[in-house]
Amino acid sequence: DLLLASMPGEQRETDLQDLVRHIVMEPPASTSPIQRLNLAVTYLNRHNYHARWEASPTGPRLWLRNCPYAAILDKHPELCELDRLLIDRLCHLSVKQAVQMDLRSGNPTACIFTT
């Protein structure tokens, strides 16, 4: 059982970053932003996120249409932060979660991360 939700913000962030470093290797900095986004989508889709990205006037938007944590997310909302940090690492971008899907109603239908 994850105990991260009960940790202070700074400690939780540090522990989540450590976890992300163990989960996924960072792509080389020499890859282009588009290549990194494509690699991130490929990685996320291999892990059942149903991800895609699109360009927008304000920067790339990454859509996650499936939550692999749906069954436990109510008890562990820190997993959304884990996803954000995972995307940061995969894309070499600082992203924020702009939209969170509502798992009960299905609307909105995706989590959206933006730069």
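Author: Let us begin with Arg 89, which is found in helix α3; helices (H or I, at least four residues) and strands (E, at least two) are DSSP runs, numbered from the N terminus. The model is a predicted one, in which local features need pLDDT of at least 70 and side-chain atom pairs count only at pLDDT 80 or more, while totals for chains, interfaces and linings use all residues. Residues are numbered from 1 along each chain as its sequence is written, and side-chain values use heavy atoms, with hydrogens and water left out.

Arg 89 has a relative accessible area of 19% and is therefore buried (buried means under 20% relative accessible area, exposed over 50%, partly exposed in between, with a 1.4 Å probe and protein chains only). Leaving aside its neighbours within four places in sequence, Arg 89 is in contact with Val 20, Arg 21, Val 24, Met 25, Glu 26 and Pro 27, where contact means heavy atoms within 4.5 Å.

The helix that holds Arg 89, α3, spans residues 78-91 and lies across β2, β3 and β4, running at about 40° to β4. Axes are lines fitted to C-alpha atoms, for helices over the stretch in contact, and angles run from 0 to 180 degrees between N-to-C directions.

These strands belong to an open sheet of 4 strands in the order β1-β2-β4-β3, with antiparallel pairing; two strands pair if DSSP finds at least two bridges between them. The edge strands, β1 (51-54) and β3 (96-99), each pair on one side only. Strand β2 (residues 61-64) pairs with strand β4 (residues 111-114) in the antiparallel sense over 4 bridges.
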